Every structure is written in structure tokens, then in C-alpha cells.
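Look at how two chains meet.

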Amino acid sequence: MTGKKQMLNNRMKLLWDSYVKEIPHKIRAISVSWQTILDMRHGDYSANLRDLIRGLHTIGGTASTFGHVKLGIAAHRAERELKLIQETGELSASTEKQFALCLVEMNNIIAALSVDENLDSCLDVGQYEVRTRKNVTNRTIVLVDDDEWFSSNLALQLNCFGYEVITFNRLQDMEEALPTLDAACFIMDLSFPEGIAAGAETVRRLWAVKNYAIPVVFLSKRNDTISRLEAVKAGSDAYFLKPVRIIELIDKLDQLTSQSEPPPYKVLVVDDEQVVAEYHALLLEQNGIQARILTNPLQVLDAISDFNPDLILMDLNMPKCNGYELSKVIRQVPAYFRIPIVFLSQETDPELQMQAMNTGGDDFLTKPVNPEYFLSSVRVRAERMRILRTLMERDGLSGLYNHSVMKEQIESVFIQAARSQMPATLGIIDLDFFKKINDTYGHITGDMVIVIVSRLLEQRLRCGDIVGRVGGEEFAFIMQNTTPQEAYTVIESVRCTFGKIVHEAPAGSFTATFSCGLAALQTANDPAQWYDAADSALYKAKKQGRNRTCIAQVQRKQKYEVQL
Amino acid sequence: MTKRLLIIEDDIFMRDMLSLIVEDGGFSVVGADDGAQALAILQQDQDFAAIISDLYLPDCKGVELFQSVQQAAPAIPFMILSGESDDVIVAEAKQLGIVYVVKDMNVADTLLTTIEHLIM
């Protein structure tokens, strides 16, 4: 399987895993609809039956397509039972029993799925977390290794990623200094002259006595179970084999030293009754979900664009337009067609409920809500939206914004900055001789270099800066309120840092460089011109011998030319 | 310019999944819940490289939608993507000239390959 395909599969799996959590809700909705049909058994329930068949068909098809054969079979069996009713026009006691069994079976399969399948088992999961750059966190690392050359080299590499490193070559020195150290994380060699697991033993002893809770990462040349076990006993947070792959170590350190929590889910509550809306908003807020109330449904599009919710909770019966119509309005805006909508209503009319479920709506809750069920329904869907948004917006390899998001961002910054007359700088970076790196050291190594550039840009640029991967080895970034001269200083420091990083590959180690082109907003009359200006500056940097940054010269608003 | 696809699928999860797949293949997506909405979109905007529809939609069948789309936007290639593998239904659709693709376990590959053929 190629890397790209593997990546798509992993992303599809993430989406599937979030979907699985919704299935119990769907099955519950099916049970409710089924009960309605049973209640109407002597009347005309053909429309309800048709909708129910479609619902089951969808679940079955989806499950089979994504490799969950058992669930697919159970859903299709349930669908067949219903079709039998459709064909014979008779709802027999045996059909009723069979269908109930199918529902139980589907529930059981889902319960088993959620135990077996662990999101974390998907190795790439870390790449998809929405990375928010931290403000001020302790980035001091204590490195203890008796190999002086190795430790000074590693310290240098960690410096490149913004970590302060305090190095000790002897365990005893570290132990003496320990009370004065304010470290976010320890990196320990496992073996020292004192013994093959002396590093682990020291950590275990010290942490027990002093009651420390500092994360520890062990490094070792040994890949045997005993060594790994020693590390685990010492409470290790990770175990890396030497030679260490720097980017993996950085990922781990970032994770261990990070203090930022993911931002709360955002839910827009649309209800014309203020009191009811407030009640639901309060319920959400109390459970860590950010809620905003909208009592005028006609303002819904503005509210979405302003608040950017992960989910919309909507009353079905509102005077100016009902929730069903409103959801259609929302879905007609291409950018919003993925936002989950959960309907809330006192409505007990099964027809309306079915209609709502079958178009646009993701779930239907009857007021008064059962708080537990309400929260879980909201949470699973908001979570899926979050994952989805990340998958859609981010490049799978680098975790940066992808090409299409970057294009939108360039357009929106251009318009904003042009309006406010504030400076803004667009930069394009291209790795030098990347094809040669791929050809010489292989694509996996090439990918690693891409990831390293991405991480550097993420760490070195400021929180408000926007970074994306816009091509195979091409990156773009936007710095608002920044002149090209200021951007030049920042990116030159990133460029120098990057050039110092030693990349390890099976065929040997090497260093790499990049070229960069910068363009001020004033070089262009529209976003496309802005991009072209930065691209021309990049071209000039390449032509002048690569591994450098060039700035596009501002001529007149009508024309731009590259500075010579 | 990114090529756009119109995907008509009322199951939100499936639509998300298909969007993920085709966006990975370099397309951008406009989504519709049902046939009426799809036709409303096509009335205003026909800048689509292809249309991908489910077979069973809330308000009509994909086959019926195909016939309406034929009149509204005859130049845009149309494809049905469905889990329904019933021979009779598939044959009927194909007879009408519809590109009919059955969702299988390799849905990502199948879908992208078919789209490529469609828009060549």
C-alpha cells in the first residue's frame, strides 16, 4: 500500500470511528419509528415504512462499504423483514419478533465495536489533532547521557525546535542539581557506566523519594524486553531507540510539555423561546460546551458565520420558519453542508419527526430532553464535526492547512488587509533539491524533511500567522500586520535553523535547505497577483543560488517587479 | 482551478466520507440532501466536473434525478454511487446510460478512478 493511500485510509478510519458512536442514536431513532408503525398497525403506515427501510438501507450500505460486514448483514436482514411487510401488506407477529431481534443484534455489534476499536491504535492519530500553538509553556528539557558527542548534538537539534536543554553527562551531577532544576521533561539514557539500566533505576529512586511527577523519555541502543521493562517500571512516558529520529522525539516532547487543552465544542442553540434556549444552553455550558443562543431564526446564517459552531441545536417549531425549512437553508450554503443539526421539539407527530430525520437533520430529540442522552447526542456529533474539519482543512502529512484552505486564507487576508490598510506579507517556501533528496534517501526520508519544515514553521511563526502546505515541497505562510522586512528577519532565522538540522536516513545523514520569496500586500491588486509576486521572488531566490530569501519589490499598485 | 463535484447524498456521514475521498483526489465538493435541492443548485450554478448521486434519495430515485438533470444540465457527466447491487436495478440504470458504480470496500479507489474516466 502506498503512503498516500495508507494516509487516506487512516483518515477514513478516524471518520468511521466517530460515526460508530452515532449509530446507537440512529438505532434508537429506528426503534421509535418502528414503535410508531406498530401503533398504527391497522392504519396506513406505508410512508413510515418506506422511510424506515431507507434508513436501514443507508446504515447497512455504509457499514458494508467500510468493512463492517456483520453490522451490514444485520441491517440488511432488518431491511428485508420490513420489505416483507411492504410486499405482503401484512405485519405478522413473527416479522415483529424477527425485526426486534435484528435491532438487538445491531446494538450488540455496535457495543462490541466500541470496545474493540481503539482510536489510538491508529498510529497517525497525532497528526490530526488540531494544533494550537501554546503561549508560554516551560520548554526546558534535562538531558542526561554519558555520550558527550551524542548529547551535545541532540541538544543542538532540540534547540532548533525551541527547547532549552540542560545537559548532564553523569547521573551524579544531575542528582545534585535536581532540586534547582525546573524541567518540563527529562530525556534519560538507559545505560550508564554504573549499569545497563542505571538511568531507569536512578529515575525510579529519585522520583519515589522526592515525589516528582516530571515526564521521562528514555533513550537506548537496546531493543530487548528487559530494557523496555526497566524503563516502564521507572514510569517512562516513551522509549526511543538510538539513533533517535528527531521528529518523533519532538512530537513526543511537544505532547508531554503541552498544557493547552483543546478548545470546547461550540453549539448554536436556535429556539424562538428565550427561556427554553437558555435552559439548553445552560445544560451545555455546565458540561464544558460553549453555547450561543439565537432566538431569531432568520439570522441563522450570520450567526453561523460569526460563531462557527460545531453543531446546531434547533427547535423544530418556530413561527417565522420551521426548523425543517431552516435546515434546508443552511444546507444550501456549500460551506455549511457538513454542520450537524439536531432537532429539538415537543412534536410527537411521527410524520414530522420522520421528515426531519430524513432530510438534513442528524437526530431528533423530544422535549423535555433527557439530559444524559441530550449531551451524548450533541457531543458525539460535535466531535465528529471537529475531526472532520481537521481532516478536510489539514494536509495529512504535515498537519498544516492544505492548498484549498490556504487559497481561501490568502483571499480573505488580502481583502481584510487591503480594507484596513494594515501591512501583510505572504511568503512561499520551496525546499531546495528536494527531488534529489527523494531519489538519494527515499520518499520516507523526503516526507520526514517535509514534516520537519512544517514543525519549524509552526513553532517559529506567531500564533496568528497562517501556515499551509501548498504543494509537494512547497509551503506558504501569511503574516498579518507584518512588513516584508520584519517577515524577512523571522524567516531567515527559520532558514538558518533548518539548514543546521541533520536528517538521519538509512543511506546516511544529510542537511537540507530551502528558498523563500516574500511579497508585501502592496505588490498586488488581487490575491492571485499577490501569490504571483511571492512566487516570482521565490524564483529569484532560486536563481541566485538557493538557500536564501528574496523580497518582491513594491513598484506601483498597477505593476510589480522583482527587486534586482 | 479546482474541479468541483456535486454530491447528492442524504446520509451525512456518507457524504462526509465521499467528500473526504474526492477532496483527497484534488476536487472540491458541493453537497445536496435531495433531488430538489440538487436541481435548485444546478439552476444557479453548473460549474461542476461531475455529479455523483445516491440511488435512494428522500424525494426521488437517483434514476429519476438523472432524467431531470439530463434536461437541466446535459453536459455534466452523471454517476450513481450506491450500495444497491441488485442486478435488475443496476441493469435498468445502465440501460438509461447512467454510469452506475456499486459501493464496495475499495470505495476510495473505485470512486476516484470512475470520476477520472468520467471527466476525461
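Contact means heavy atoms within 4.5 Å. By that rule, 29 residues of chain B are in contact with 31 residues of chain A. This is a predicted model: local features need pLDDT of at least 70, side-chain atom pairs count only at pLDDT 80 or more, and totals for chains, interfaces and linings use all residues. Residues are numbered from 1 along each chain as its sequence is written, chains are lettered from A in the order in which they are written, and side-chain values use heavy atoms, without hydrogens and water.

**The interface**

The two chains bury about 3000 Å² between them, 60% of it on carbon and sulfur atoms. Buried area is the accessible area (1.4 Å probe) that two parts lose on being put together, summed over both. Three salt bridges link chain B and chain A. A salt bridge is a side-chain nitrogen of Lys or Arg within 4 Å of a carboxyl oxygen of Asp or Glu. One of them joins B:Asp16 to A:Arg384, with the closest N and O atoms 2.6 Å apart.

Helices (H or I, at least four residues) and strands (E, at least two) are DSSP runs, numbered from the N terminus.

H1(B) gives the most, with eleven residues.

**Helix H2 of chain B**

Which residues of helix H2 (residues 35–44) of chain B are buried? They are B:Gly35, B:Gln37, B:Ala38, B:Ile41 and B:Leu42. Buried means under 20% relative accessible area, exposed over 50% (1.4 Å probe, protein chains only). On the other side of H2(B), B:Gln43 and B:Gln44 are exposed.
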